[in-house]
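Let us walk through this structure by way of its pockets, and then turn to one of its helices.

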Amino acid sequence: MYKTEANKIIVDRADLDVDATIECGQLFRYEKTDDGYIVKSGKHSCKVYTLGNSIVIETKSTDFFVDYFNLDRDVMRVKRELSRFPELKKPLESCGALRILHQPLFETIISFIISANNNIPRIKSIINRLCALFDDVFPTPDQMVDLSIRQLDALGCGYRSRYLYDSARICSETDILNRLHSARTADACKLLMSLPGVGRKVADCVMLFSLGRLEVFPIDTWMLKTQRNGMETEIQLRRRLMEKYGSYAGYAQQCLFYYNAILKEQD
């Protein structure tokens, strides 16, 4: 449950696990503070912290962050559906009310192109430098195509500079973003993979963290390390786990990632 006040969203702690939601690889525009996090998206920002039995989200953009944190989704229902799988018992317990975010589509595409073969501190630095060019606001497709590849290189994008420029140009000159919102999941995956620099994992991340396609299961190094059966290929592993966990496969993936890649690494 949550309620909105002047420049605040108050959420029951049982309905939002802040650490699990923010630290599980969904987003890159955040900074940890002494008492919580600063989260940014598009032109919006918020401060998130715990106060007693509540999570407080301080922001001038309350409607945006209600949607961004997906606060109208019944997370407990999702967890109940997945609780019938014994191997998910500990991951589900560990992540509390982890929420799959609903992030702006273009921002998510560009962020995950940058994330390919990269580490989180470097990804965050590149994205922060990109946003700094636009007064700490994530650029639109039209704004990004005004940048040169040399400028993108200077941000530290490396070989991704050409991918970023060409993908931004396609998003600027075509209706692909609108088509993605209405496309079926299989078609959305093909559309995303038509963008330079977008492979299957990036496409799955965009579908899960922006388009709300909870049935997709992104395969990363941790999923290969912890979920693979024998010599399964990435495609075979993805298909098996999507069939197994069904309409909530993406939520299962995030719980497994948080449990294996974050919590166990901290032990």
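**Pockets and a helix**

In this predicted model, the largest pocket has a volume of about 640 Å³. Its lining is made up of 28 residues, and those closest to the centre of the pocket are Ser115, Asn118, Lys201, Asp220 and Thr221. Two or more lining residues come from each of α5, α6, α12 (200-209), α13 (221-227) and α15 (249-266), with α12 giving the most, namely five residues. Sorted by class, this lining holds 14 nonpolar, 10 polar and four charged residues.

The second largest pocket contains about 200 Å³ of space, and among the 13 residues that line it, Arg13, Val18, Asp19, Thr50 and Ile55 lie nearest its centre. Here the elements that each supply at least two lining residues are α1 (18-23), β4 (36-41) and β5 (44-51), and the largest share, three residues, belongs to β5. In this second largest pocket the lining divides into six nonpolar, two polar and five charged residues.

Helix α9, which runs over residues 160-173, has 14 residues and spans 20 Å from its first C-alpha to its last, close to the 20 Å expected at 1.5 Å a residue. Which residues of α9 are buried? They are Arg160, Ser161, Leu164, Asp166, Ser167, Ala168 and Cys171. An α-helix has 3.6 residues a turn, so residues three or four places apart point the same way. The cover over the buried residues of α9 includes α5 (105-115), α6 (120-132), α7 (141-144), α8 (149-154) and α10 (176-182); of these, α5 and α6 are also among the elements that give two or more residues to the lining of the largest pocket.

Key. Residues numbered from 1 in each chain as written. Predicted model: local features only at pLDDT ≥ 70, side-chain atom pairs only at ≥ 80, totals over all residues. Heavy atoms only, no water. Helix = DSSP H or I, 4+ residues; strand = E, 2+ residues; numbered from the N terminus. Expected span 1.5 Å × (residues − 1). Buried < 20%, exposed > 50% of the residue type's maximum accessible area, 1.4 Å probe, protein only. Contact = heavy atoms within 4.5 Å. 1 Å grid on protein atoms, 1.4 Å probe; cavity = no way out; pocket = protein on both sides within 12 Å on 5 of 7 lines; lining within 4 Å. Points joined across faces, edges and corners; volume = space filled by probe spheres on them. Nonpolar A, V, L, I, M, F, W, Y, C, P; charged D, E, K, R; others polar.
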